Amino acid sequence: MRRSSSSTSAPESLYALATAAARSVVVVGTAKNAGKTTAFNALCAVARRRGTPVAVTSIGRDGEPSDALDAEPKPRVRLAAGTLVALPVGLIPRSPALAILDAGAESALGRIVFARAVLPVTCEIAGPPTARAMRATIDRLRALGEGPVLVDGAIDRIAALAGGDDAVIVATGAASGATLARVAAVAADAVLRLTLPGRDRARERARVVRLEGALDARDAEALLADARDATVVVDDPTRIAVRGALFAKLREAVDLRCERPLRVIACTTSPVGRDATLPPRALVEAVARATRLPTFDVVADLAA
Amino acid sequence: MIDSAAEKPFDADAVTAERIGLIWLRAAVAPVGSFGRRHDESIAPYGPGNEMRARAEIAEIVALAERLESDGVLRLRAALRAVPEPSPIVARARAGDALTDVDFYELGRFVDALDALARAWDAAGGGTERRPPVLDALRGILARGRDGGTFYLADAFAPGLRAARDALGVAEAEFEVRREAIAARVRDAIGVDPVGEEFVILRDVYDGPLPDDVLIARETPTYRAASIRVVLPQRDAALARLAEEEEEARRTLAERIVGEADAIVVTTRALGALDRLLARVAFAQRWGGCIPSFVNERVSFDEATFAPLAEALSARGRRYTPLSLDLRGLAVLTGPNMGGKSAALATAGFVCACAALGIPPPARAASLPLFRQIGWIGGEGPHDRARLLSAYAAEVVRARDTLAAASPRALILIDEFARTTGPREGRALLVAFAEALRARGAFALVATHFDGVAEAAQVPHLRIAGLRGALQAAAGAADVDAALDEINAAMDYRIIAARDDYTASDALALARLLGLDEKIITRASTLYADEA
């Protein structure tokens with residue numbers, strides 16, 4: 001555990017780690033209000049400070065003034081001049097005007113439009129509804145610009161990233177538990193699932209079980225009863241629908257693999273939850289220890 | 001548009017449409033774009049009284065099919081498919097709704113797509129007539145915001161835009177300077193780097209007074225969440241001014257687009273007509289086609305291709321034999337099994353349907369009326385099965401309905417009517433039905449295996465030429481595909497006048513070719529000879 005040095009802040013360190021790992025970086029949250037958009041904004045702010053033009057989009061909808069479900073205030077998304085953005089027609093701010101570059105897939109809020117901020121602008125962002133369209137959107141943003149592509153993601157909708165070279169940052173915090181131990185356990189569980197290793201045919205066990213679709217609790221029980229010591233292969237980590245102790249037990253019992261792995265590189269923490277506030281430093285430490293990943297609090301400027 | 005002076009246009013029920021290839025034909029000449037589909041749906045098929053218009057449309061298609069390169073037609077259709085739809089944008093602009101920058105971007109794409117289409121037309125050798133329109137005026141209106149295929153509400157669109165943007169740029173820079181100054185104080189005093197909207201100050205790191213313009217959002221025993229406040233009224237004013245200037249620029253731009261709305265609408269109609277035309281040109285280039293003579297007394301064609309069957313045969317590597325027919329009123333058609341009687345009926349319907357749809361019939365030549373109705377009797381369709389009608393019942397119901405509409409403007413195609421009932425009663429019913437159709441002056445082609453129908457009904461008798469004699473005794477083929485190839489090679493599919501009222505079905509020879517046990521064939525031949 002360290003406090004960020006004065007020369008390299010937590011946001012700077014996270015940005016450097018993420019952009020060194022991949023051209024596109026996706027932030028996903030372990031729960032609603034886990035600090036996902038805050039971490040995303042911190043990455044954007046670092047890029048802005050460095051003068052690096054980035055491209056941004058969202059899996060889901062982010063940047064609205066308040067949450068559509070609980071009316072809680074939400075962080076807005078600020079685009080610096082030169083930022084590329086993919087967002088639906090319905091969310092394009094009328095002023096300052098964006099330069100419209102291209103149009104892509106349909107979404108519930110209209111066609112996804114690729115645009116460039118000419119002047120700084122605050123807006124909501126959202127992305128396409130399907131995994132394939134999300135993949136195409138990220139790839140188009142990569143083609144349109146040269147800088148990093150930053151995606152405000154959703155943990156249950158990142159199948160599009162599986163098998164790709166994108167880096168994933170897991171945002172967690174007091175929104176997913178009232179105690180340090182609970183938050184750390186939820187984060188560890190999420191990271192364990194998302195870091196499911198890729199299939200290695202040379203090292204597979206004698207029996208290989210290939211599961212199509214989701215691996216749910218019933219599948220897990222059946223595998224524990226019948227397929228101990230087998231290699232079990234799912235399509236990608238998002239197909240794992242079991243959580244907690246059952247998942248840990250399964251992971252221990254079988255050689256669990258996926259065809260298309262994800263690359264999880266770091267965690268971020270947010271100490272503020274709706275029902276609890278946790279000590280920031282202890283939270284960063286606990287999550288780092290539980291996930292064994294570099295962990296950052298980008299608002300308290302902490303890293304572990 | 002339907003010519004109000006014309007009689008009721010051509011029509012065919014679902015069973016007939018399937019049997020004569022009308023469904024296939026409509027799909028084959030379907031336009032590729034939304035303009036074309038809209039245009040196509042607005043045009044009714046030609047019926048009696050529309051002969052001049054039908055001939056003119058077909059003549060234009062034939063001429064273009066000869067003049068345009070077929071690859072060029074493919075490229076033109078691809079270019080048409082890529083033209084975006086401007087109509088909703090134009091409609092909203094006309095209604096006074098505010099347009100968005102994406103609307104202007106889409107109109108820019110529309111202009112570009114028109115240019116690409118016109119280039120494709122020239123490259124295909126299209127000439128000046130029918131050349132797709134381009135919208136130079138619209139291109140000019142949007143030009144100041146376009147760079148390549150992109151659109152930006154550029155400063156040049158309104159006199160106040162540049163100043164408003166400059167003012168906002170200055171205000172944003174000032175905002176950043178002030179924010180960074182406060183952030184520097186935070187870093188110096190507290191050691192936290194406030195990059196985002198909000199930052200956290202741990203009490204065990206710093207619990208003293210905060211620098212000016214740092215606001216506390218919330219406090220807990222272990223930390224304070226804070227944000228930087230930059231008060232800069234001129235930034236808010238610059239944002240508001242820019243918003244007004246940009247809206248004014250969009251309003252002005254939308255008004256200018258309304259000024260071009262009629263031209264845009266006319267252009268989309270022209271694109272629709274071109275899309276329909278090119279779909280038919282592509283059809284004619286693939287299947288060939290003639291300009292038919294519209295006459296009242298006969299349905300005749302030379303070397304016509306029933307394209308759906310030709311396509312299916314081609315997919316299996318088999319050759320299609322074009323058919324010729326000269327039908328004057330009603331005729332009975334007989335011939336061997338697998339000799340193409342049903343195909344001959346379908347070809348007659350297909351050729352007439354092509355003419356009714358303004359498509360060159362795929363034939364060397366054709367003379368025919370424009371029919372109000374084409375009807376098929378024979379077998380049952382899905383609708384009949386849903387009504388739990390037997391094959392015979394379905395045929396009788398269709399015969400009843402067809403007879404009610406029979407006239408010199410109807411073509412009735414009868415495929416082995418009453419074959420599923422007793423042969424004596426079935427034949428009698430068919431003769432009586434043929435007499436009734438003849439009395440109503442309908443055109444009809446009656447395919448049957450019943451003997452003596454033509455003589456009894458006193459109508460011409462045509463027959464399929466049938467298996468060539470030398471091959472009738474060929475040994476059974478090893479498999480069905482090989483047998484079909486052999487039959488195809490052995491069969492003379494020509495429709496010729498029958499010299500007497502008896503036509504062999506060649507059933508036994510075909511059964512042998514298809515590999516039925518030779519003992520059964522021999523026994524059947526003996527029985528058949530005894531009966532004869």
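Modeller: Let us begin with the domains of chain A. The centres of domain 1 of chain A and domain 2 of chain A, taken over C-alpha atoms, are separated by 30 Å. The domain assignment, automatic or from a database, gives domain 1 as 2-191 + 262-303 and domain 2 as 199-258. Please note that this is a predicted model, in which local features need pLDDT of at least 70, side-chain atom pairs count only at pLDDT 80 or more, and totals for chains, interfaces and linings use all residues. Residues are numbered from 1 along each chain as its sequence is written, while chains are lettered from A and ligands numbered from 1 in the order in which they are written.

Colleague: How many residues of domain 1 of chain A are in contact with domain 2 of chain A?

Modeller: Two residues are in contact if their C-beta atoms, placed from the backbone, lie within 7 Å. Here, seven residues of domain 1 of chain A are in contact with six residues of domain 2 of chain A. On the domain 1 side there are four nonpolar, one polar and two charged residues. In this scheme Ala, Val, Leu, Ile, Met, Phe, Trp, Tyr, Cys and Pro count as nonpolar, Asp, Glu, Lys and Arg as charged, and the others, Gly among them, as polar.

Colleague: Which domains does chain B have?

Modeller: Chain B is divided into domain 1 (29-143 + 253-284), domain 2 (161-233) and domain 3 (289-531). The centres of domain 2 of chain B and domain 3 of chain B are 89 Å apart, over C-alpha atoms.

Colleague: Which elements of chain A supply at least two residues of the side that touches chain B?

Modeller: In total, 34 residues of chain A are in contact with 29 residues of chain B. Helix H2 (36-50), strand S7 (98-107) and helix H7 (280-291) of chain A each supply at least two residues of that side of chain A; helices (H or I, at least four residues) and strands (E, at least two) are DSSP runs, numbered from the N terminus. The largest share, six residues, comes from H2(A). By class, the side of chain A has 24 nonpolar, six polar and four charged residues.

Colleague: Which residues of helix H3 of chain B are buried?

Modeller: A residue is buried if 20 or more other C-beta atoms lie within 10 Å of its own, exposed if 12 or fewer, and partly exposed in between, with C-beta atoms placed from the backbone. In H3 (residues 34-41) of chain B, the buried residues are B:Phe35, B:Gly36 and B:His39. Seen down the axis of H3(B), they fall within an arc of 95°, so they line one face of the helix; the arc is that of the directions from the helix axis to the C-beta atoms. Their cover includes helix H5 (70-81) and helix H11 (261-287) of chain B.

Colleague: How do the axes of H3(B) and H11(B) cross?

Modeller: Axes are lines fitted to C-alpha atoms, for helices over the stretch in contact, and angles run from 0 to 180 degrees between N-to-C directions. Angles under 35 degrees count as roughly parallel, over 145 as roughly antiparallel, 65 to 115 as roughly perpendicular and the rest as oblique. The axes of H3(B) and H11(B) come within 7 Å and cross at roughly 80°, and the two helices are therefore roughly perpendicular. This contact has four nonpolar, four polar and five charged residues.
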